[in-house]
Amino acid sequence: MLNEPFPFGTSFARIFHVSPVAMTITTLDDGRYIDANEAFAALVGVRREELVNSANPEFRLSRFLGEDPAVYDSLIRPLREEKCRLRTAGGEVRHVVVSSQIQEWHSQPYLFTLLQDITDFQQAEEALRASETRSRLVFENIPLPVFVYDRSSLRILAFNEAVVEQYGYSPEELRHMDVLDIRPVEDHEKFLRHLPTMPPDTRGFGVWRHKRKDGRIMEMDVIGFDFTLEGQAARLAVCRDVTEQQEIRRALMASEQRHRIFAETTSDVLWDADIPGDVLEFSAGLTDVFGYHLDSKVPLDWWVSRIH
C-alpha cells in the first residue's frame, strides 16, 4: 500500500475504500496490487489483506480475468472499458464491466481499474431474452392466425405464419397493411365504431368478416387482449375461421324457419317425436283434424293412446 496519498488525493482515498464499486490500483509491469478496496475483495472472494502487495500470481487481476485473456492487455489503453467475465477465487463466473486509467506517480505508471458487477443484470437480460424467445416460438407456432396491431394507427405490427397461409398475403405485403385492409370495405365503419367501445381487458371480440387476398370472405371468431409493445398501445388478436359453422347455422335457421312457416300454414297434421325426451311436438292441424285443443307438446304416451 502506498505510504503517501495517491495522486487522486485524500478525498479520493476515502471514496476508494468505501465505494461499493470494486476498485484496484496495480503496477503495470507485474500487476501487483498497490491497493484494492473491500468491494473488489468481496467480488473475487479473497481477503483484502491477502491481495495488497501479495506476490501470489493466483491473485493477479489478469488471472481473475483469465476467461477473456485479451481483456487485461487492452486495459492499458486510457479510459478503456470492456464487458467481460471474471472468475472468482472460488471458481464462480461473474459478468463485469471493466474500465481503467493509467496514472503516473513519481514517474512510475499505475493502473487504476474499476470493475462493475453486472451479473444480476446480465442474468435478468438473458432470462428476458429467453422468455421473449419462448413467447416468439409460441406465437409463431400457434396454428391459428395471430395479429398484433397498433391501437391508434391500426397498423399490423406482427403476425405469424398462419396469417400468411390463411389470408394469402406475403409477409412483405402484410408489413405494409393495417387491420382494415383485411376487412371488406363495407365493414370498415362498423369496426371503427366498435373499436373504442371495447374495454382493454376484452377477451372475446365476436365474429367478424375478414377478406383474403383473393377476395374470398372468411368469418373469423376473434379473441385477444390489449397490451403495451415498446411504448405503443397494441392489441393481440387470435382468429379462428368459423365460416363453415356459420353457414351451417344459417342453413339450419333457414330450414327451421321454412318448417315453421309450412307447419303454420298447412291444414295437415305434422308431428315431430323426441323419443329420448318423451315429448311429441305437433302442428295446429291437430285441432282441425282431430278436434284436440292442447299445447303444441304432449307426452308420447298421450299420442299413442289416442292417435294410432
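His 210 has its place in strand β8, which covers residues 204-211; strands (E, at least two residues) and helices (H or I, at least four) are DSSP runs, numbered from the N terminus. This is a predicted model, in which local features need pLDDT of at least 70 and side-chain atom pairs count only at pLDDT 80 or more, while totals for chains, interfaces and linings use all residues. Residues are numbered from 1 along each chain as its sequence is written, and side-chain values use heavy atoms, with hydrogens and water left out.

With a relative accessible area of 2%, His 210 is buried (buried means under 20% relative accessible area, exposed over 50%, and partly exposed in between, with a 1.4 Å probe and protein chains only). Its side chain makes a polar contact with the side chain of Tyr 167 at 2.6 Å, and another polar contact, of 3.5 Å, joins the side chains of His 210 and Arg 183. A polar contact is a pair of N or O atoms within 3.5 Å; within protein, one atom must be able to donate a hydrogen and the other to accept it, and residues adjacent in sequence count only if both atoms are side-chain atoms. When neighbours within four places in sequence are left aside, the residues in contact with His 210 (heavy atoms within 4.5 Å) include Ile 182, Pro 184, Met 218 and Cys 239.

## The nonpolar cores

A nonpolar core is a set of buried Ala, Val, Leu, Ile, Met, Phe, Trp, Tyr and Cys residues joined through side-chain atoms within 4.5 Å. The largest one has 24 residues, of which Phe 147, Tyr 167, Leu 174 and Phe 191 touch the most other members. Strand β8 is among the elements that each supply at least two residues of this core, as are β6 (146-150) and α7 (161-167).

A second, separate core of 19 residues includes Ala 41, Val 44, Leu 86 and Val 96.

## Val 93

Val 93 lies in strand β4, residues 93-105, and is partly exposed, with a relative accessible area of 31%. Not counting residues up to four places away in sequence, Val 93 touches Arg 85, Leu 86 and Arg 87. The C-alpha atoms of Val 93 and Val 44 are separated by 9.7 Å, although these residues are 49 residues apart along the chain.

## The chain as a whole

The secondary structure of the protein chain comes to 12 helices and 13 strands, and 37% of its 308 residues count as buried.
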